[in-house]
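Biologist: I'm new to reading protein models, and I'd like to go through one with you. Could you show me the general idea each time, and then the case here?

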Number of protein chains: 6
Amino acid sequence: MPRPSGRMPDQMRAVSLERGVAKHAEGSCLVRFGDTHVLCTASLEERVPPWLRNAGRGWVTAEYGMLPRATGERMRREASAGKQGGRTLEIQRLIGRSMRAVVDLEALGERQITVDCDVIQADGGTRTAAITGGWVALHDCLDWMHSRQMASKTRVLKDHVAAVSCGIFKGEAVADLDYDEDSAAETDANFVMTGSGGIVEVQGTAEGEPFSRAQFDALFGLAEKAIADLVDLQKQAIGG
Amino acid sequence: MPRPSGRMPDQMRAVSLERGVAKHAEGSCLVRFGDTHVLCTASLEERVPPWLRNAGRGWVTAEYGMLPRATGERMRREASAGKQGGRTLEIQRLIGRSMRAVVDLEALGERQITVDCDVIQADGGTRTAAITGGWVALHDCLDWMHSRQMASKTRVLKDHVAAVSCGIFKGEAVADLDYDEDSAAETDANFVMTGSGGIVEVQGTAEGEPFSRAQFDALFGLAEKAIADLVDLQKQAIGG
Amino acid sequence: MPRPSGRMPDQMRAVSLERGVAKHAEGSCLVRFGDTHVLCTASLEERVPPWLRNAGRGWVTAEYGMLPRATGERMRREASAGKQGGRTLEIQRLIGRSMRAVVDLEALGERQITVDCDVIQADGGTRTAAITGGWVALHDCLDWMHSRQMASKTRVLKDHVAAVSCGIFKGEAVADLDYDEDSAAETDANFVMTGSGGIVEVQGTAEGEPFSRAQFDALFGLAEKAIADLVDLQKQAIGG
Amino acid sequence: MPRPSGRMPDQMRAVSLERGVAKHAEGSCLVRFGDTHVLCTASLEERVPPWLRNAGRGWVTAEYGMLPRATGERMRREASAGKQGGRTLEIQRLIGRSMRAVVDLEALGERQITVDCDVIQADGGTRTAAITGGWVALHDCLDWMHSRQMASKTRVLKDHVAAVSCGIFKGEAVADLDYDEDSAAETDANFVMTGSGGIVEVQGTAEGEPFSRAQFDALFGLAEKAIADLVDLQKQAIGG
Amino acid sequence: MPRPSGRMPDQMRAVSLERGVAKHAEGSCLVRFGDTHVLCTASLEERVPPWLRNAGRGWVTAEYGMLPRATGERMRREASAGKQGGRTLEIQRLIGRSMRAVVDLEALGERQITVDCDVIQADGGTRTAAITGGWVALHDCLDWMHSRQMASKTRVLKDHVAAVSCGIFKGEAVADLDYDEDSAAETDANFVMTGSGGIVEVQGTAEGEPFSRAQFDALFGLAEKAIADLVDLQKQAIGG
Amino acid sequence: MPRPSGRMPDQMRAVSLERGVAKHAEGSCLVRFGDTHVLCTASLEERVPPWLRNAGRGWVTAEYGMLPRATGERMRREASAGKQGGRTLEIQRLIGRSMRAVVDLEALGERQITVDCDVIQADGGTRTAAITGGWVALHDCLDWMHSRQMASKTRVLKDHVAAVSCGIFKGEAVADLDYDEDSAAETDANFVMTGSGGIVEVQGTAEGEPFSRAQFDALFGLAEKAIADLVDLQKQAIGG
């Protein structure tokens, strides 16, 4: 049962992680999962949210957006609609939790890092690309702080984190769904894992018929392999 | 390692499903998972959302809310804040997907059923109680339609759907987290499954350290058992 | 000219005041005027609104809401609409003024009590039920404070307050309008009075033709009797 | 007990009704109750609200606003705050009901008249001035329609409507409160009545201590006299 | 090619500047450019915007609004629409910049003056009338402060500022467009200049075909003459 | 008086116009004015705004946004703030008017083209870059329609349009301000002109002291030369 892109079931799209793409940001990365392109920046601010004041630790948060014509049909600009939709809020909460899962907030000190993930072009899997590229931007922001002796990068950043979506497409478990697959998949699951293989977040949804535990296990296996590959790419990107 | 409530690891709280609690609604159910009480109503409207007009099928959607003092500390009323928070939007999207997973929208016809889930009192697990009780309200709404020969309940409602949260609390996998456990759990996962054991939605989140696949599998096992029990309670409640 | 419910002109619906219904709130009361059910909670906070800071006195405020399917037709959730309607704002301002009319704000100290009135089921007279039940929740909150020696209940709470709606239905003055009467009444008036018979608020509106002063006086007389009865029920409820 | 303005208890401020002050509006009136100045316009539109379509009758509605520096201290512009406050909504609902009480909506036909009342300068009693002047603007709009044979003014406009606020100031019942009296009054009541003496709306509020029925009756008496005088002024203004 | 009003190409409408029209404001002016009437008030507040705190200087800002029936067709009230439109924001930013161009903010001290410009009646050129009248209100506010020795008017207010719109109407350059001309003009330009002839703001827009530099120069010449006349009228108005 | 960048007074930054950068859009262009990078897309929709229905012509509109970290300090995301700021609305209105100045809306037919200009990186002059690049995206969208015989590109697109900002920096007139110059300039002016030298829009603002007409004329001269160069670059870019 061939995939629209001709990929093997466990084959990801071409992934690239381009650092230093934003002149002003402390860290930045343009991540590409095939035709899905997300610009990630990490911005340091010497303040924390009100509810964290004088708590002796910092915060990492994320925001997500999509350019209106990142998609096949133009979507209404959320700034013009006057609010962020439920999907946007859900995704940016996920990215924020994923980043915080590998950060030691005490070691960060009373500061906030905001990881902005803006989808320049969408072809499925924007949230998983955002997490994978967002980590690189976060890493570079901590590098920037490290070189200024503001914080110890190795103490603050405990591990890698990356993500992939897998799904059941025409009855078969496949990795890294593109838009054509995503819109036709029976089941869609996002996995967020660390460099050491720990699970940060799992979200599986039956788009049509409920799925079985065996199917879910198959998706899990694909994700473990794909995320290990993504972590390797992150390591290459940061020149490690 | 005893649970604060003294329950066994696989033991749910006392669950009750009280039907017909809302005079005006086509279907209603007050669901209690221990001290978590959610009032679910199903409202039938002879119209569909604009994007579904003349498509020959209906829609089931859900809304979720919490009374300001359902919680230990009073929370700001979302109507007064001027918008629904990200958590609310996320939960009501989950409930809606769960309901639709067991409904044949063509058989429903060009109508909309809205399942409103309002938390009267919160003690953890409000979204899973809402799904479990929401199904009963939905069932009774379809019963109401069936008795008026508007639709065939057996054709529209394909299966049961129920949900439970499980988590790792002090290192042990336990079922149906209450608030004390939820706020201290290392990992929290919500499972939504059908009466025939199909999986509709899985969401697992590491609150602190990442979790292992073995831990996740343990939670899965607890959920399968708990949801089977909840489906039995639904069957008793609808007098089946 | 018989009333739809068969009641006598001066006869109220069955009224009940059920205390302690909300586990977390300092005071709570589920009030029923027939099929109108309002859940009232009183929440204590150790802060005052910004404009009252360091003024040496406290504040009592109220918020009002309605579950979407409390009514015959489902109404849009105000949290989803993004704002509270004019009717909601008008009612919650009335409830707040009514509560403050019997509270000594200096004796309360620099604290705020919020009385939340949420209509679980509506059948006319929700605002008057809310005031009547809100007082019981407020009383119990002050009891809670009294027993912790935070304030003297007898000094803070100066009197009872209760409310009823009366109207001209098919030419006759009747007490405690239910929904069927309310929607057909020529004139509708709400009265808020204290236990000692003082008037806190009077609002009379001609729905169709203007009314005469004699008609208004007849409504006033019905209200005085009904509110005296409601105050007696409050006394019984608080174990007086 | 002298009033700050030196007026007798039953003496209104100087009232003027200046017609035709807005070049574009079908009807307009600048009403002055002493230093309270309200610009009222009546605007005709050949459409009705969606819920009235094809119902064979029209609608009269009102909107109320206040220029930011109409008051002693500058108030935030509601357009900039992003919403109308509860007080504004309450007042414009009252004005609208008052206008509709003297209009035959069937005779008006499927059209809408909007009465805009904008407070140019405030010194107490803005809502009662708005009703009194709004009626003149409405009358002139119907005159405009009458002269174009669009509707019969005498059939549409059934009566006059005017309003006054009365209150207990330093223990005495006085008519037409100005700002100094209004902010110190123990009790404040607004009365809306027709030319033939029918009551459209009564609103009495205890600002401090509850008031007695005898006090309320005294206010009622003052209002009847004052409104009769206002109706006479309306008659003079429209050249009757 | 005669103008609809019969005016000469360089002839302004009748302009009047009426001071002291708002009882409560520190400075006020009702400015009339023909049938365009704008009520301008200047309000002093002993506070500055958050971003200016402890900066040792003050701020002057402006807000602009239009009564709903200032125009030929009733426009929706921005307070009811829930936001100020782009045109309103653009105009009030222009008025604010114009006022600040002639104010020494250090000499003002840590205070804010808000110039509110509310269009009572519109017939073209509301923003230029607002600037011209707003200056008078600002002047009188500074006079008020001067007489109370709060600030030196001569040090704070460095110059006059006034504005006019010019345009190409039926091929000819004309000054002070009224509504009939404005809606038919090919090119519309607003000029803001000081008493000493300095330029504060220039905005030229081709409504239809692009315009030439020669045409723009012709408009500029008309504006210089008109603004000099407006400054003379300001001088007469302040009795200087 | 050297410019921070070392450029000559009439020297623009390096300008590039990269076409076809957005896979999904009918036309797209990434425009760079030095370190200012704006992604422009043109999106065709087969519908017109409600007020243009059945008018026999189309519409061209524009929207403008900025990624949060396009700037030196992170700016709040407008989607999260819940509204577009005054500056954003002002800029997108300017871009829209500029595009429409060179489009024959009748020849376009009943369709809408939306030109989205999103600032990826900001270093001054974002609105003028957006107009210059937006024209290329618009051109390519019309090319796309032309090749599908939906409209005649040569009839719809009447001319080029491009823009530049000029200003007085340290007393000297310079072209194409970058951020360092823009924040220190005494006067800032934006010019929008067509390929045939017609003026579409002129906006000059005194940031500090008012400017003279001679200074403004100097800016105008620089702009005419710069825009002619930009039009040449557009011609090269579209392969002319």
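Modeller: Buried means under 20% relative accessible area, exposed is over 50%, and partly exposed is in between, using a 1.4 Å probe and protein chains only. Keep in mind that this is a predicted model, where local features need pLDDT of at least 70, side-chain atom pairs count only at pLDDT 80 or more, and totals for chains, interfaces and linings use all residues. Residues are numbered from 1 along each chain as its sequence is written, chains are lettered from A and ligands numbered from 1 in the order in which they are written, and side-chain values use heavy atoms, with hydrogens and water left out.

Biologist: Which side chain meets Arg77(E) in a salt bridge?

Modeller: The general idea is that side chains of opposite charge can pair when their charged atoms come close. For us, a salt bridge is a side-chain nitrogen of Lys or Arg within 4 Å of a carboxyl oxygen of Asp or Glu. Here the partner is Glu63(D), at 2.8 Å from N to O. This pair crosses between chains: Glu63(D) sits in strand 4 (residues 59-66) of chain D, and Arg77(E) in the loop between strand 4 (59-66) and helix 1 (78-81) of chain E. Those elements are DSSP runs numbered from the N terminus: helices are H or I with at least four residues, strands are E with at least two.

Biologist: Is Glu63(D) buried or exposed?

Modeller: Glu63(D) counts as buried because its relative accessible area is 16%.

Biologist: Where in chain E do Asp176(E) and Arg13(E) sit?

Modeller: Their side chains form a salt bridge, 3.1 Å from N to O. Asp176(E) is in the loop between strand 7 (172-175) and helix 6 (179-184), while Arg13(E) is in the segment before strand 1 (15-19), 163 residues apart. Asp176(E) has 0% relative accessibility, so it counts as buried, and Arg13(E) is buried at 9%. Salt bridges that share partners join both into one network, which also includes Lys23(D) and Glu181(E). In chain D, Asp176(D) and Arg13(D) meet in a salt bridge too, at 3.0 Å.

Biologist: How many salt bridges are there over all chains?

Modeller: The search finds 151. Across the interface of chain F and chain A there are 14. One of them joins Glu26(A) to Arg69(F), with the closest N and O atoms 2.6 Å apart.

Biologist: How many residues of chain F are in contact with chain A?

Modeller: Contact means heavy atoms within 4.5 Å. By that rule, 37 residues of chain F touch 37 residues of chain A. Chains F and A bury about 2700 Å² between them, 46% of it on carbon and sulfur atoms.

Biologist: Which residues touch the most other members of the largest nonpolar core?

Modeller: A nonpolar core is a set of buried Ala, Val, Leu, Ile, Met, Phe, Trp, Tyr and Cys residues joined through side-chain atoms within 4.5 Å. This one has 454 residues, and Ile113 in chains A, B, C, D, E and F touches the most other members. Leaving out residues up to four places away in sequence, Ile113(C) touches Trp59(C), Leu138(C) and Met145(C), among others.

Definitions and conventions. Buried area is the accessible area (1.4 Å probe) that two parts lose on being put together, summed over both.
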